[in-house]
Amino acid sequence: MSALYNQDTISQEIHTKWAGKTVHFVKETDSTNILAKTLAREGAPHGTLAVTEFQTAGRGRFDRRWSAPEGSSAMMTLLLRPEFEPQYASMLTLVMGLSVAQAVEKLNFRVQIKWPNDVVVSRKKICGILTEMGVQGNGISYVAIGVGINVNTKEFPEEIADKGTSLYLEGGQELDRSQVIGSVMERFEENYGRFIRTCDMTQLKEDYERLLANMGKPVRVLDSHKPYEGSCLGIDSQGELLVRCGDGRISRVRAGEVSVRGLYSYV
């Protein structure tokens, strides 16, 4: 029997100063990112959280469609009103990936991050993140960080069953999605505070690399011009993946431009 899941149950599990303190819950929406952007235009404050039970037009990286059965996932978008320059906003995707991974780890799962922001358990993906930004003049109007976590999903379509999993499938029991959201908000608030001190990953690099699935492993960079292989050395202060190529050269891989895989598998 699934736990109650609504605006009240979610709000009761959020014990932060600002991240997720205002929850907007709707039973169904096209996507929580679209909902959050609408709230942003209406003046919603920094830290507003949009949550839904079912979304009809969810999207992932590279505009891939993303959907989940009702009752299975934690689907949310956190609205931010950063005061830093727009060029730093893309790193918030990594900050959220780290925050989700830390929240899952707190639930006693062995969790890793596949760069840049795929949270994986048993080498399978449990979370997708999509960050979008609105600008006004030379500054940021808002950043919307969409998160979809496979919490109580019982099964996956055959075409992604080898790449996707859920906390239920890995742990054998249903979890309270409200508690999962509360834990993610707690971790994000702390990590965001560390991020904005330098507007880069300097203060989060050690925590991120501890969970980085690719760390020290061979990877294949799927560059559309010329794919290449190398060994992962971690990330730099900008969140770019450092890859030592066969000739000893160190390549910096920028998130959003190319995809990275393990040499023999997804991770």
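Predicted model: local features only at pLDDT ≥ 70, side-chain atom pairs only at ≥ 80, totals over all residues.
Residues are numbered from 1 along each chain as its sequence is written, and side-chain values use heavy atoms, with hydrogens and water left out.

Let us begin with the backbone. Most residues other than glycine have a negative phi, and most peptide bonds are trans. With that in mind, look at the step from Trp-115 to Pro-116, where the peptide bond is cis with omega near 5°. Pro-116 sits in the loop that runs between strand 4 (111-114) and strand 5 (118-121).

Although Ser-122 is not a glycine, its phi is positive, at about 55°. Arg-123 is in the loop between strand 5 and strand 6, and this residue, not a glycine either, has a positive phi of about 65°. How accessible are these residues? Buried means under 20% relative accessible area, exposed means over 50%, and partly exposed is in between, using a 1.4 Å probe and protein chains only. Ser-122 has a relative accessible area of 47%, so it is partly exposed; Arg-123 is partly exposed because its value is 43%.

Next comes an open sheet of five strands, with the order 11-10-9-8-12 and antiparallel pairing. Strand 11 (250-253) and strand 12 (259-262) each have a single partner strand, so they stand at the edges and one side of each is left without a neighbour in the sheet. On average, and with direction ignored, neighbouring strands of this sheet are turned by 45° against each other; the axes behind such angles are lines fitted to C-alpha atoms, for helices over the stretch in contact, and angles run from 0 to 180 degrees between N-to-C directions. Two strands count as paired if DSSP finds at least two bridges between them. Strand 10 (residues 241-245) and strand 11 are joined in the antiparallel sense over four bridges. Within this pairing, Val-243 has Ser-251 of strand 11 as its bridge partner.

Finally, turn to the salt bridges, defined by a side-chain nitrogen of Lys or Arg within 4 Å of a carboxyl oxygen of Asp or Glu. The count by this rule is 14. One of them joins the side chains of Glu-132 and Lys-37, at 3.3 Å from N to O. This pair links distant parts of the chain, with Glu-132 in strand 6 and Lys-37 in helix 2 (residues 32-41), 95 residues apart. Both Glu-132 and Lys-37 are buried.

Asp-236 is in the loop between strand 9 (228-235) and strand 10, and Arg-252 is in strand 11, 16 residues apart. Which of the two is buried, and which is exposed? Asp-236 is buried because its relative accessible area is 10%, whereas Arg-252, at 53%, is exposed.

Methods
Helix = DSSP H or I, 4+ residues; strand = E, 2+ residues; numbered from the N terminus.
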